[in-house]
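Take a look at the fold before going on to the points below.

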Amino acid sequence: MLYAGIPSLSVPMVRIITVTGRGVKEVAPNYAQLQIEVRTQGKGVQQTQEENAQVMNRVIQSLLALNIPRENIQTAAFNIFPQYDFIDGKQVFRGYEVTNAITVKLEDIEKVGSVIDTAVASGANSVSSIQFGLDNPEVVYQQALQKALQHAQVNAQTIAQTMKLTLYPQPISIVEEHQQNGPELYKTLSIASSQMGTPIEQGKISVSATVTVKFQY
């Protein structure tokens, strides 16, 4: 008895090079944000709170006089804490501490130093953080992403040339690794009055992108 043979199908093997591309774009920040605090201490809570409010109002008015928009000044925290001393193993009530903190966003970064000096002169006694950031991070990220894709292509070409492989220029897969690029924290300061201006260096913000690309050869 004769049986008809079934021809076998040969599936070509797909050969793939997988490379990683990274791109970084450094740009100058276009805004700064700082937190300014007024801390007062006293025996009575109402008196301490009123004193704090007077100082903070003076600080805010001095910032408005620097042409900072009111909407760029926001309350960040307000706390009242009882204070105690430990004497002979006993907890002894000492008074209250009132803390009022505001965040100030500056679109003119060159004003950071003068804002700190003005706030201190008006009664502020702490700056908890200074951050530099970008209002348009997505635009800068797209530039970093373009660099990452170019880097991946160069890596694939280098491998192909070194190994004497014929590389198809069109990638078959691109995977973007999402990254969070938030404001850059500059420093935390406890500030005091000084006759010299406060120097602040803004530096650069680095926005990065990473991709994984597969090429066929």
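Two strands count as paired here if DSSP finds at least two bridges between them. With that in mind, Q35 stands opposite S129 in β5, and the strands β2 (residues 31–42) and β5 are joined in the antiparallel sense over seven bridges. Please remember that this is a predicted model.

**The protein as a whole**

- The protein holds three helices and eight strands, and their order along the sequence is β-β-α-β-β-α-β-α-β-β-β.
- The protein has 217 residues, and 32% of them count as buried.
- Its accessible surface is about 14,000 Å², with 50% of that belonging to carbon and sulfur atoms.
- Taking contacts between residues at least 6 apart in sequence, 84% join residues at least 24 apart.

**The sheet of β1, β8 and β6**

- Three strands form an open sheet in the order β1-β8-β6, and the pairing is antiparallel.
- The edges are taken by β1 (16–27) and β6 (173–177), and each has a single partner strand, so one side of each is left without a neighbour in the sheet.
- On average, neighbouring strands of this sheet are turned by 20° against each other, direction ignored.
- Helix α3 (residues 137–162) packs on the sheet and touches β1, β6 and β8. The direction of α3 makes about 145° with that of β1.
- β1 and β8 run antiparallel and are joined by twelve bridges; for a place to look, find G21, which stands opposite V211 in β8.
- β6 and β8 (residues 205–216) also run antiparallel, with five bridges between them.

**Strand β5**

- How many of the eight residues of strand β5 are buried? The count is seven, so strand β5 (residues 126–133) is largely enclosed by the rest of the structure.

**Helix α1 and its cover**

- Helix α1 has 20 residues and reaches 28 Å from its first C-alpha to its last, close to the 28 Å expected at 1.5 Å a residue.
- Its buried residues are T48, N52, V55, M56, V59, I60, S62, L63 and L64.

**A closer look at S62**

- S62 is placed in helix α1, which spans residues 45–64.
- Is S62 buried or exposed? It counts as buried because its relative accessibility is 13%, and the cut-off for buried is under 20%.
- Beyond its neighbours within four places in sequence, S62 is in contact with T118 and S122.
- With S122 there is also a polar contact, in which the side chains of S62 and S122 are joined at 3.1 Å.

**T103 and V104 in strand β4**

- T103 is found in strand β4, and V104 lies in strand β4 too.
- T103 has a relative accessibility of 19% and therefore counts as buried.
- V104 has a relative accessibility of 0%, so V104 counts as buried as well.
- Which residues does T103 touch, not counting those up to four places away in sequence? They are L34, Q35, N72, I73, Q74 and A76; Q35 is the residue that stands opposite S129 in β5.
- Leaving aside neighbours within four places in sequence, V104 is in contact with A32, Q33, L34, I36, L63, I68, N72 and I73. Among them, L63 is one of the buried residues of α1.
- V104 and Q74 are 30 residues apart along the chain, and their C-alpha atoms are separated by 6.7 Å.

How values were computed: Residues numbered from 1 in each chain as written. Predicted model: local features only at pLDDT ≥ 70, side-chain atom pairs only at ≥ 80, totals over all residues. Heavy atoms only, no water. Helix = DSSP H or I, 4+ residues; strand = E, 2+ residues; numbered from the N terminus. Buried < 20%, exposed > 50% of the residue type's maximum accessible area, 1.4 Å probe, protein only. Polar contact = N/O pair within 3.5 Å; in protein donor to acceptor, adjacent residues only side chain to side chain. Contact = heavy atoms within 4.5 Å. Areas by Shrake-Rupley, 256 points an atom, 1.4 Å probe, with all protein chains shown as cover. Expected span 1.5 Å × (residues − 1). Axes fitted to C-alpha atoms, helices over the stretch in contact; angles between N-to-C directions.
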